[in-house]
Amino acid sequence: MAEPPVMHYGRIPERERARWRVTIGGATASGDERTFSLDEVAELPPVEQLCDMHCATRWTAQGIAWGGVRARDLVELAPPAPEVSDTLVFAEFGYAANVPLADMLSSDALLVTHRDGQPLTPERGAPLRLVIPHLYTWKGPKWLRGWNYLLPENPDRGFWEQRGYHARGDAWREERYARRS
Ligand SMILES: Nc1nc2c(c(=O)[nH]1)N[C@H]1C(S)=C(S)[C@@H](COP(=O)(O)O)O[C@H]1N2
Ligand SMILES: [Mo]
């Protein structure tokens, strides 16, 4: 498939880039929330990566070139408390997804600003989207606004996880649903 379908719930945000903020909160190591501008995110080392997208509704799009920075480089600037193993990544307008901290730290987890060499378009998630190719794409919020570090006892669930979808969502293991019926 050349072009994956555009898929998401709700509206496309139109806030100007200069006013966009990425907020990292929850159980941070310092106990404080940290906020970054997109210019600050763009100062991290640039990465380009060619990968496939796997939607849990069973389409795959091959060979998309994403450009951005590594999520783990931002985790390093705003690290979690030692007992944290999960995150809730959230987007504009309330979309959110549970992503294990280990997946945020993997070298292929990108905070994406470019797709196929061009700045992201609004419908593809501008100004920032999370891409973790080995997870189903519902784990990659478009219009990323940040994440919260979750403590093990914290029950916060993302949009699809509240609706019975899997906490990890590994595409190769076909982890679609939390429980098999
Ligand atoms: N903010 C937000 N991000 C989202 C979604 C959404 O509903 N809202 N849907 C996810 C799902 S299920 C898919 S398959 C991909 C689709 O990305 P695309 O529109 O670039 O194909 O976006 C993901 N990111
Ligand atoms: Mo999806």
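Let me start with a rule for rings: those of Phe, Tyr and Trp (its six-membered ring) make a pair if their centres lie within 6.5 Å, and planes under 30 degrees apart count as stacked, over 60 as edge-to-face and the rest as tilted. What we have here is a predicted model, where local features need pLDDT of at least 70 and side-chain atom pairs count only at pLDDT 80 or more, while totals for chains, interfaces and linings use all residues. Residues are numbered from 1 along each chain as its sequence is written, chains are lettered from A and ligands numbered from 1 in the order in which they are written, and side-chain values use heavy atoms, with hydrogens and water left out.

So, on to the rings. The ring rule gives eight aromatic pairs. Take Y136 and W138: their ring centres are 5.7 Å apart and the planes are at 15 degrees, so this pair is stacked. Y136 has 3% relative accessibility and counts as buried, where buried means under 20% relative accessible area, exposed over 50%, and partly exposed in between (1.4 Å probe, protein chains only). W138 is buried as well, at 7%. W138 also pairs with Y165, with centres 5.2 Å apart and planes at 75 degrees, so that pair is edge-to-face. W138 lies in the loop between β9 (129–131) and β10 (144–150) and Y165 in the segment after β10, so the pair ties together parts 27 residues apart in sequence. A word on those labels: helices (H or I, at least four residues) and strands (E, at least two) are DSSP runs, numbered from the N terminus. Y165 is buried too, at 18%. One aromatic cluster takes in Y9, Y95, Y136, W138, F159, W160, Y165 and Y177.

"Over" requires NZ of Lys or CZ of Arg within 6 Å of the ring centre and within 35 degrees of the ring normal. R15 does likewise with W20, at 5.4 Å from the ring centre.

What does the side chain of E92 make with the side chain of R15? A polar contact, at 2.7 Å; that term means a pair of N or O atoms within 3.5 Å, where within protein one must be able to donate a hydrogen and the other to accept it, and residues adjacent in sequence count only if both atoms are side-chain atoms. E92 sits in the loop between β5 (86–91) and β6 (96–100), and at 12% relative accessibility E92 is buried. Leaving out residues up to four places away in sequence, E92 touches P13, R15, W20, W143 and R145, contact being heavy atoms within 4.5 Å.

Now the nonpolar cores, meaning sets of buried Ala, Val, Leu, Ile, Met, Phe, Trp, Tyr and Cys residues joined through side-chain atoms within 4.5 Å. The largest has 29 residues, of which V22, L74, M104, L111, L130, W147 and Y149 touch the most other members. At least two residues of this core come from each of β1 (21–26), α1 (38–42), α2 (71–77), α3 (101–104) and β10. A separate core of 13 residues includes C51, C55, I64 and A126.

Last, the strands, which pair if DSSP finds at least two bridges between them. β1 runs antiparallel to β2 (residues 34–37), with four bridges, and V22 has F36 as its bridge partner there. β1 and β10 are parallel, again joined by four bridges, and G25 stands opposite N148.
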